[in-house]
Amino acid sequence: MQGKRGLILGVANNRSIAWGIAKACRAQGAELAFTYQGEALEKRVRPLAAELGGHVVGHCDVTDTATVDAVFAETQRVLGGLDFVLHAIAFSDKDELTGRYVDTTEGNFAKSLLISCYSFTAIAQRAEKLMTNGGSLLTLTYYGAEKWMPHYNVMGVAKAALEASVRYLAADLGEKNIRVNAISAGPIKTLAASGIGDFRYILKWNEYNSPLRRTVTIDEVGDAGMYFLSNLSRGVTGEIHHVDAGYHVVGMKNPNAPDI
Ligand code: NAD
């Protein structure tokens with residue numbers, strides 16, 4: 001990835017999936033720019049960006065369009081253009097990531113879809129202008145988009161919409177040689193995941209029932225992310241790629257799994 005310039009949205013700390021992907025891209029020589037959401041996370045993101053010799057291009061809250069425009073303007077200024085963008089952003093009110101989907105409120109539905117789905121399209125609109133030699137856009141999704149999962153609720157609906165938007169964006173931007181893909185990661189203990197009800201149970205269930213009999217790490221998602229953001233995947237677009245220790249192929253509980 002020598003000479004490739006990338007914008008990374010979604011690092012909160014060193015357990016973030018975005019951090020795993022950023023490290024893998026930097027290890028192959030990419031030049032990186034990072035955003036942060038708010039002052040509290042800025043304190044975590046600045047030293048992480050420095051560790052990878054990266055730039056910090058400002059505060060970005062995708063519910064505030066002005067901040068999205070500002071970080072793209074700053075990215076253009078410091079990097080002079082873009083070859084790839086990682087979108088690793090999702091949000092839902094924690095109170096609705098437990099219990100029943102049917103009880104989702106209109107306000108949280110709209111907010112969750114805006115932050116977790118529409119923001120990827122908003123970012124693609126701005127990235128297109130900076131990707132004068134083609135490029136690669138990557139987002140993160142979860143199996144709860146495809147199948148019912150306990151407590152995932154509105155986030156499952158948002159991820160389903162996000163996965164559909166990957167296909168529509170891929171079709172729109174393909175002419176410009178801009179590729180659009182998603183990684184469907186298995187459950188990983190991160191700040192965002194801690195908001196999901198019974199998350200420890202979900203981790204254990206995946207560990208006992210996935211073909212590899214374990215969960216995945218941010219470094220494993222990171223290496224797959226590097227593949228999508230680099231020329232290694234130059235013939236691939238519109239793809240939802242599972243990095244989940246194979247869990248998505250399982251149709252039934254492993255009969256040898258211990259009780260949780
Ligand atoms: P994380 O908490 O480290 O990252 C989530 C990021 O979203 C944070 O950096 C946060 O600042 C950002 N964010 C939330 N609302 C925002 C807003 N309004 N504007 C800008 N940024 C905002 O957690 P993570 O698990 O690394 O999450 C990254 C992505 O991976 C998410 O899309 C998540 O749904 C997805 N994912 C996570 C898992 C998992 O088990 N951790 C599994 C599959 C997919």
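Which residues is proline 211 in contact with, leaving aside its neighbours within four places in sequence? Proline 211 is in contact with Ala245, Gly246, Val249 and Val250, where a contact means that the C-beta atoms of two residues, placed from the backbone, lie within 7 Å.

## The model and its numbering

This is a predicted model, in which local features need pLDDT of at least 70 and side-chain atom pairs count only at pLDDT 80 or more, while totals for chains, interfaces and linings use all residues. Residues are numbered from 1 along each chain as its sequence is written.

## The chain as a whole

The chain holds seven helices and seven strands, the helices being DSSP runs of H or I with at least four residues and the strands DSSP runs of E with at least two, both numbered from the N terminus. Read from the N terminus, the order of these elements is β-α-β-α-β-α-β-α-β-α-β-α-α-β. The radius of gyration of the chain is 18 Å, close to the 18 Å that the globule rule gives for 260 residues, so the chain is as compact as a globular protein of that length; the radius is taken over C-alpha atoms, and the rule is 2.2 Å times the number of residues to the power 0.38.

The C-alpha trace spans about 55 × 40 × 35 Å along its principal axes. Of the 260 residues in the chain, 46% are buried, a residue being buried if 20 or more other C-beta atoms, placed from the backbone, lie within 10 Å of its own, exposed if 12 or fewer do, and partly exposed in between. Among contacts between residues at least 6 apart in sequence, 74% join residues at least 24 apart.

## Around the ligand

There are 27 residues around the ligand, and Ser16, Ala90, Thr190, Leu191 and Ala192 come nearest; a residue counts as near when its C-beta atom, placed from the backbone, lies within 6 Å of the molecule. By residue type, this shell divides into 20 nonpolar, six polar and one charged, with Ala, Val, Leu, Ile, Met, Phe, Trp, Tyr, Cys and Pro counted as nonpolar, Asp, Glu, Lys and Arg as charged, and the others, Gly among them, as polar. Helix α1 (17-27) and strand β5 (135-141) each supply at least two residues of the shell.

Helix α1 is mostly covered, since ten of its eleven residues are buried, among them Trp19, Lys23 and Arg26. Just after α1, glycine 29 takes a positive phi of about 100°.

Helix α7 (residues 218-229) has twelve residues and reaches 16 Å from its first C-alpha to its last, close to the 16 Å expected at 1.5 Å a residue, where the expected span is 1.5 Å times one less than the number of residues. Its buried residues are Ile218, Val221, Gly222, Ala224, Gly225, Met226, Phe228 and Leu229. What covers these buried residues includes β1 (5-9), α1, β4 (84-87), β5, β6 (178-185) and β7 (240-243).

The UniProt annotation "active site", from an unreviewed entry, covers Tyr142 and Tyr152; UniProt positions are given in the numbering used here, feature names are shortened, and annotations may be inferred rather than shown by experiment. Tyrosine 142 is found in the loop between β5 and α5 (153-173), and this residue is buried because 25 other C-beta atoms lie within 10 Å. Not counting residues up to four places away in sequence, tyrosine 142 touches Lys159, Ser184 and Ala185.

Tyrosine 152 also has its place in the loop between β5 and α5 and counts as buried, with 22 C-beta neighbours inside 10 Å. Apart from neighbours within four places in sequence, tyrosine 152 is in contact with Gly144 and Ile196. Histidine 151 lies in the loop between β5 and α5 as well, and is buried, with 20 other C-beta atoms within 10 Å. Most residues other than glycine have a negative phi, whereas phi of histidine 151 is near 70°, a positive value.

## Loops on either side of α6

Aspartate 198, in the loop between β6 and α6, has a positive phi of about 55° although it is not a glycine. This aspartate 198 is partly exposed, with 13 other C-beta atoms within 10 Å.

Proline 211, with which this report began, is placed in the loop between α6 (199-209) and α7 and counts as partly exposed, with 13 C-beta neighbours inside 10 Å. Proline 211 and methionine 155 are 56 residues apart in sequence and 25 Å apart in space, C-alpha to C-alpha.
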